[in-house]
Structures are given as C-alpha cells and as structure tokens.
Amino acid sequence: MNSDKMYHKKAGTNRGNAGEDIAYEILSPIFGHNNTYKNIVIKNRQHKDVTDIDILCVFGSKALCVQIKSKRLTLLSKMGDWTAQQNDFKLAVQNAYNQSLICRDALLNNDDKIFVNKETNEVLEDFKCVNEVFLLCLTTENYPALTPQVDYLLSKKDDDSSAIVFSVFDLALISHYL
C-alpha cells in the first residue's frame, strides 16, 4: 500500500485513524464514554486552528492528553543507522510530545481557546475545571528501543511536563492488567 503513490497518503491517514480508534476503545471503558473525547480541535478566539488532541480523557480536574503517531521505523533505523533513528524518533515521538505540550497549555490556559469535536462540530465546554494535564504519546507501530530512546533523544526543557511514551500495544496490555 505504501508503494502505491496514489494511495500512500490515504494509507497513512487510515493508519492514524485506526490508531486513534484503538486508543479510544481502550481508554473509554476506563474513563467512561462521557469523559473520553476523540479528535478535539483547539481553536483560538479568531476560530483559527491552534492544534488538535487525538484522545482526551477527563477525570474530575485531571486530564490525560493522548497524541498518537503512526510513523513506521525505517529499515535503516532498524539496522542501527543513528541518523535514521534520530529522524524516526522525531517523527514518531518528538512531534507528538511537542504537540501534547501545546495541548496541555491550551487546556490549562483555556480562557481564549475553543474546543471543538472535529466529527460533530460541537463546541465542548467541559474543560474549564482541568487543573492538571498528563501527557501520553503513543505510536501505532512496534518500536523496540522506544523506552531507552525517550531517555536520551526526547528534547524537552527542564520545566516542561514529562510524558509517558509507548505503543498502543503496550497501552492495551497495561489497561488489561490495571
């Protein structure tokens, strides 16, 4: 599918949507369907898109912001090429983390933000009480060296929030045992 130039972009979109659907199906029974949101677009007061949240779970005044990437590891990366590993990490994890920081800031400082369900265009007002946001970055692909790479490749400032990073397969396993 990826070698088909006409379908390549659509295949990537479908993989991303599947990852969001899987994460939603895992998290919604835990947080409740009324507290789990998918595809939330964050807009400023001028109605310009700021960013989007793939999955948002709210429990009281706490929120879990989930950003999902479907970036595959390249063959060079699997063979140990350091430059390829850094590039793949950036696309699979760093971009999700950077986006989750923007989402966290928007949730905590939401006076000038509008949260819209992308699928229904419904404006959501449920996030005014959120005072703490936890970050979860997921990849839909098997990423064997993910845990150690997060320690030395994730670029973050000292005052930036930490994130939990793993695959949707790990999320399914963890949620099963919890």
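This is a predicted model: local features need pLDDT of at least 70, side-chain atom pairs count only at pLDDT 80 or more; totals for chains, interfaces and linings use all residues.

Me: OK. Which residue does Glu141 join by a polar contact between side chains?
Reply: Thr140. Their side chains are joined by a polar contact of 3.5 Å.

Me: Where does Glu141 lie, and is Glu141 buried or exposed?
Reply: Glu141 is in the loop between S6 and helix H4 (146–153). Its relative accessibility is 17%, so Glu141 counts as buried.

Me: What is Glu141 in contact with, beyond four places in sequence?
Reply: Arg15, Ser70, Lys71, Arg72, Ser167 and Phe169.

Me: Now the sheet. What is the strand order?
Reply: S5-S4-S1-S2-S3-S6-S7. The sheet is open, has seven strands and shows mixed pairing. Strand S5 (123–124) and strand S7 (163–167) each have a single partner strand, so one side of each has no neighbour in the sheet.

Me: What packs on the sheet around S7?
Reply: Helix H5 (residues 168–177), which touches strand S6 (132–139) and S7. The direction of H5 makes about 100° with that of S7.

Me: How many residues of S7 are buried?
Reply: Four of its five, so S7 is mostly covered.

Me: And in which sense do S6 and S7 pair?
Reply: Parallel, over five bridges. In that pair, Leu138 stands opposite Phe166 in S7.

Me: Let's do the hairpins. How many residues sit between S1 and S2?
Reply: Four. His47 is in that turn, with a positive phi of about 65°. Strand S1 (residues 36–44) pairs with S2 in the antiparallel sense over seven bridges. Across that pairing, Thr36 stands opposite Cys57 in S2.

Me: What is the bridge partner of Cys57 in S3?
Reply: Leu64. Cys57 therefore has Thr36 opposite it and Leu64 as its partner in S3, with the strands pairing through backbone hydrogen bonds.

Me: How many bridges link S2 and S3?
Reply: Five, between strand S2 (residues 49–59) and strand S3 (residues 62–69), in the antiparallel sense. Leu56 has Cys65 as its bridge partner in S3. The S2 and S3 hairpin has two residues between the strands, and Gly60 takes a positive phi near 65° there.

Me: Where is the kink in H3 centred?
Reply: On Lys90, with a kink of about 45°.

Me: What happens at the start of H3?
Reply: A side-chain oxygen of Asp81 comes to within 3.2 Å of the backbone nitrogen of Thr83.

Me: Last one, Thr74. Where is Thr74 found?
Reply: In the loop between S3 and helix H2 (75–78). Thr74 has 30% relative accessibility, so it counts as partly exposed.

Me: Which residues does Thr74 touch, leaving out those up to four places away in sequence?
Reply: Ala84 and Asp88. The C-alpha atoms of Thr74 and Ala84 are separated by 7.2 Å, with the two residues 10 apart along the chain.

Technical notes: Residues are numbered from 1 along each chain as its sequence is written. Side-chain values use heavy atoms; hydrogens and water are left out. Two strands pair if DSSP finds at least two bridges between them. Contact means heavy atoms within 4.5 Å. Axes are lines fitted to C-alpha atoms, for helices over the stretch in contact, and angles run from 0 to 180 degrees between N-to-C directions. The bend at a residue is the angle between axes fitted to the seven residues ending there and the seven starting there. A polar contact is a pair of N or O atoms within 3.5 Å; within protein, one must be able to donate a hydrogen and the other to accept it, and residues adjacent in sequence count only if both atoms are side-chain atoms. Buried means under 20% relative accessible area, exposed over 50%, partly exposed in between (1.4 Å probe, protein chains only).
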